[in-house]
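Student: I have a model open and would like to learn how to read it. Could you take me through it feature by feature?

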Amino acid sequence: MAAAQERLSDGAGGMDAKDAKEGDLDGSSTAPTPFRAAVDALRAARLRPQIEVEQTKAPQRLAPYAHALEAAVVDGDQDLADGRLVLLHDPAGHDAWRGSFRLVTLVRAELEPEMAADPLLPDVCWSWLTGALQARGLSYGEASGTVTRASSHYFGGLSERPAASQIEIRASWTPREGLGGVPDTAAHLASWCDLLAQVAGLPPAGPGDASVVTLPQRRDPQSR
């Protein structure tokens with residue numbers, strides 16, 4: 001699964017236009033019933049209004065069936081954090097996954113210099129991911145990933161720009177399957193959005209928060 005994480009996180013995330021069928025981004029119209037049910041749950045999820053989510057082209061070489069989402073945490077005209085979540089399904093099961101479903105993610109955000117310098121930052125970011133899943137009572141297994149921080153310093157004609165730091169979380173985990181062999185993908189998506197919000201510095205949403213909206217409703221961050 002490490003290879004899947006690497007391919008998801010490089011360049012365009014392995015999601016090229018040629019990877020999707022016209023009018024059917026993930027091929028779910030002909031997919032097995034458990035995968036269709038898992039995708040339907042993702043589409044019905046209700047999320048915080050600051051998080052804009054939309055379906056994107058799914059990679060076709062990581063598993064027989066895949067469904068991909070991209071998201072951004074938005075504050076006015078700024079994207080505070082963004083990410084991509086891919087649901088993979090192999091009806092025959094996968095030894096490394098220890099299941100037939102797998103979730104793979106990439107999350108990125110800009111950091112304040114003081115936070116970027118904290119030596120405990122990678123451990124804290126990983127705990128945000130596992131804590132988000134545990135906070136919603138989700139069962140999962142085989143979690144793996146990396147936390148990377150990078151700094152950019154500008155020189156010459158760009159020397160007036162302040163130094164910038166970024167955190168990047170790449171991870172994957174196996175959601176435990178429930179009735180009919182279908183994982184609670186809506187709850188896993190909500191947990192992933194909790195992670196996005198925390199990385200972006202938003203306060204946690206309260207239990208039963210009514211200020212949630214049904215996806216998709218994402219704007220193109222490049223247009224900001």
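**Salt bridges, folds and confidence**

Tutor: Four salt bridges are found in the structure. A salt bridge here is a side-chain nitrogen of Lys or Arg within 4 Å of a carboxyl oxygen of Asp or Glu. This is a predicted model, in which local features need pLDDT of at least 70, side-chain atom pairs count only at pLDDT 80 or more, and totals for chains, interfaces and linings use all residues. Residues are numbered from 1 along each chain as its sequence is written, and side-chain values use heavy atoms, with hydrogens and water left out.

Student: Which residue forms a salt bridge with Arg-108?

Tutor: The partner is Asp-82, and the closest N and O atoms of the two are 3.0 Å apart. Arg-108 belongs to strand β5 (residues 99–111) and Asp-82 to strand β4 (residues 78–94), so the bridge ties together parts 26 residues apart in sequence. Helices (H or I, at least four residues) and strands (E, at least two) are DSSP runs, numbered from the N terminus.

Student: Where do the residues of the Arg-98 and Glu-142 pair lie?

Tutor: These two side chains meet in a salt bridge at 3.3 Å, N to O. Arg-98 sits in the loop between β4 and β5, while Glu-142 is in strand β6 (residues 140–152), so this pair ties together parts 44 residues apart in sequence. Arg-98 counts as exposed, with 60% relative accessibility, and Glu-142 is partly exposed at 35%.

Student: What is the distance in the salt bridge between Glu-168 and Arg-170?

Tutor: Their closest N and O atoms are 2.7 Å apart. Glu-168 is buried, at 13% relative accessible area, whereas Arg-170 is partly exposed at 25%.

Student: How many helices and strands does the protein have?

Tutor: There are five helices and eight strands. Starting from the N terminus, the order is α-α-β-β-β-β-β-α-α-β-β-α-β.

Student: What share of the contacts joins residues 24 or more positions apart?

Tutor: A contact means heavy atoms within 4.5 Å. Among the contacts with a separation of 6 or more, 70% are between residues 24 or more positions apart. Of the 224 residues, 42% count as buried. The protein exposes about 11200 Å², of which carbon and sulfur atoms supply 50%; such areas come from the Shrake-Rupley method with a 1.4 Å probe, and for residues only the protein chains shown count as cover.

Student: How many disulfides are there?

Tutor: A disulfide is a pair of cysteine sulfur atoms within 2.5 Å. A search of the whole structure finds zero. As for cysteines, Cys-125 is buried at 1% relative accessible area, and Cys-193 is buried at 3%.

Student: Where is confidence lowest and where is it highest?

Tutor: Look at pLDDT, the predictor's confidence in each residue, from 0 to 100. Its mean over the protein is 79, and 78% of the residues reach 70 or more. Strand β8 (residues 213–214) has the lowest confidence, with a mean of 31, and helix α2 (residues 33–44) the highest, at 94. Over residues 1–23 pLDDT stays under 50, and the model has 44 contacts beyond four places in sequence for them. Residues 208–224 are also below 50, with 44 contacts in the model beyond near neighbours in sequence.

Conventions. Buried < 20%, exposed > 50% of the residue type's maximum accessible area, 1.4 Å probe, protein only.
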